Every structure is written in structure tokens, then in C-alpha cells.
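Subject: Structure for your review

Dear colleague,

Please find below the structure that I am handing over to you. I would be grateful if you would look through it alongside the notes that accompany it.

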Amino acid sequence: MTVVGPFGVSVRDQALEVDVQAGLAAVEAGLIEATKSDVPFITEAAQHLVRAGGKRFRPLLVMLAARFGDPYAPGVVPAAVVVELTHLATLYHDDIMDEAEVRRGVPSANARWDNSVAVLTGDFLFSRASTMVADLGPAAVRIQAEAFERLVTGQLQETAGPGKGEDPVAHYLDVIAGKTGSLIAVAGRFGAMMSGADEDVVDVVTQFGERIGVAFQLADDVLDIASDGGESGKTPGTDLREGVPTMPVLRLREMAEQGGAVQDRRLCELIAGDLSDDARLAEALAGLRAHPALEAAKRDTLRFADEARRCLAPLPDGPAKASMAALCDLVADRTR
């Protein structure tokens, strides 16, 4: 049993391992090249999160999806770079909105410099991604534009919150389908499309990407509460402190509204209050870690991981399909 890539996908096929490792190395080199500028400071800021590492989940999915066509086709690696550049750009912007101080185990760009530098660096990365995707053809440009619209729509939906009478959990799932699922769906779609895979295969891996992306975000929600920060690279409770209503909090509120115990309502009040104080944040984290709402959020993660696995059924059996199925296990395992 060997592993491929920083995400640790179990692979039993040596040829696949070698090829995917080579592809990810080419993506890494492409990211460094794409974030260079004639202005040294811009290069430093743009490469800040690139050099901090990351799981490269999206490029990995591009590489695996490309195995259903010609994995060596010239557009595969550039497409993976485009998707990861877009993702990195959103991280710069997210950290500003969340006022995050840590990202991937290093100071966030807004903490190291300021919000202006962070937002403009994110814009710089978006522009580089746009330049690269233009070389992949009009269809790729349209797909990227549609995904970008979904990203922004998801963020605006999160900011606005659920409408009157709208189920907060259903609203949140729409939010993360846009903010996270859409770009991971593009990763699968680009990989299959650039490799020349059949249209049916392109559709399957796109649907897989959307669902595994939602599971990926739900796993991050759980980690924001349950981890010590080593897995996510973010300070535990960052979303909680910023008042972001992630799935564990939404499940807690749901339980409290459906006749929960007095301590459930008290925990809701604590979370709704000012968590800028470290002691209050620690109390809220401890309360959620011991509450059934966290287990409910874990079940939500497993449900979407299972849905993603079922999407793979029409694909031909082989190492690539097996590795994509392993992603379902690994994304779910992050919650355990």
C-alpha cells in the first residue's frame, strides 16, 4: 500500500502513483511560475500560501479524473494550476472576511501584512488564473466563469443568511455547494474534459466533485470544533469566533429549537455572544465537543461522502476509480 500526494490517497497501482506524483510536481512548479511578478513584493505575497503547502486536493482530483482519457494531454496540468490558483485566491479573501490570523500553519496574509495587501493579492491570483484558462479554450473560460459566479453567490448567501421560513440547514448546504463544491466539481470536470474523456464520464466526475466537495467542507466544519489545529492549519474555533454558522452550530440550534435541554439553549446563547475572549471561546468549544450536535454533523459528512461514492458507479473499474473512492473514505475519516 502506497500513497499519492499530500492528501494521502491510498493507491495499489505503481504506474498510477508515479504518474500522479509527476503530475502534482508539475502543478507545483506551475503554481510557482504563475505567481511570479516583476514586482518582488507581489511575488512574495502571491507565493505566501503556495509555499505554505496544502493538500492540493483539487489538482489531485484533476489528475485522477484525467485517467479516464489521456492523462498526458497538454491541458491537464494547466487546468489543475487554474483550479488551485482560484482556490488560493479565495483563501486570501476568506481570511479577510473571517479576520483569520493563521492559514495552513503560517500567519495569514492579512495578519502578516494588512487587508489591502491580502485582497489585492487574491485579485492578482484570480487574474493569473483567468489568463491561464483563456489558453484552454472558450468552453473552459465559460466553466470557470460559471464556477466563479457560484463561489460569489455562495459567499453572498452566507452573508445574507437564510430567508424567512427557510430551513437553515438546507440554506447552509446551498452555501457550501457554491463556495466549495462548485470549484471541486470544476476540478473533476477539467481533468476529464482536458483528457478527452467521454461526455458521460465528464458528467460523472463533475457530480462526484460537487458531492465530495460538500463532504470536504462539512469535515472542515467538524475540524474547526474538534481538532487542535494541526489537521486544518487554522486556529480551532475560528469560524465559531467569527459567528460563521457551520453545521455543528446549526445542528445544535435545531436540537435546541426542537425541545432541547436547558443546557442546549445556554450553549446556543454562549455561541451567539461575544467569543473574542479566549476563555469564553474555550468554553463554547468544550460544550460543542461534548454535544450530540457534533456527532450529527459527522453523520452529515458521511452522508455526502457516501453520495459521492455512489456517483462513481458508472465509471469503469480501475486504479483511478478506486483512488477516487478512497477519497470518500479519507474525507470522512477527517471527522473521526
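This is a predicted model: local features need pLDDT of at least 70, side-chain atom pairs count only at pLDDT 80 or more; totals for chains, interfaces and linings use all residues.

Salt bridges

The model contains 17 salt bridges. One of them joins the side chains of R67 and D19, with 2.9 Å from N to O.

In one, R211 pairs with E307, and the closest N and O atoms are 3.8 Å apart. This pair links distant parts of the chain, as R211 is in helix α10 and E307 in helix α15 (residues 292-311), 96 residues apart. R211 has a relative accessibility of 25% and counts as partly exposed; E307 is partly exposed at 22%. Both residues also belong to a network of salt bridges that links R211, R251, E254, D300, R303 and E307.

In the other, the side chains of D220 and R334 meet at 2.9 Å, N to O. D220 lies in helix α10 and R334 in the segment after α16 (319-333), 114 residues apart.

Helix α13

In helix α13 (residues 262-272), the buried residues are D264, L267, C268, L270 and I271. Viewed down the axis of α13, they fall within an arc of 160 degrees and therefore line one face of the helix. The face turned away from this buried side carries the exposed residues R266, E269 and A272.

Surface patches

A patch of negative charge on the surface is formed by D198, E199, D200 and D203. Of these residues, D203 lies in helix α10 (residues 199-226) and counts as partly exposed, at 41% relative accessibility.

A nonpolar patch on the surface consists of F148, V152 and L156, which together have about 260 Å² of accessible area. L156 is found in helix α8 (residues 138-160) and, at 56% relative accessibility, counts as exposed.

With kind regards

Methods: Residues are numbered from 1 along each chain as its sequence is written. Side-chain values use heavy atoms; hydrogens and water are left out. Patches are made of residues with over 30% relative accessible area and no salt bridge: like charges are joined within 9 Å, nonpolar side chains (Val, Leu, Ile, Met, Phe, Trp, Tyr) within 5 Å. Accessible areas come from the Shrake-Rupley method with a 1.4 Å probe; for residues, only the protein chains shown count as cover. A salt bridge is a side-chain nitrogen of Lys or Arg within 4 Å of a carboxyl oxygen of Asp or Glu. Lys and Arg count as positive and Asp and Glu as negative; His and the chain ends are not counted. The place of a charge is taken as NZ of Lys, CZ of Arg, CG of Asp or CD of Glu. Helices (H or I, at least four residues) and strands (E, at least two) are DSSP runs, numbered from the N terminus. Buried means under 20% relative accessible area, exposed over 50%, partly exposed in between (1.4 Å probe, protein chains only). The arc is that of the directions from the helix axis to the C-beta atoms.
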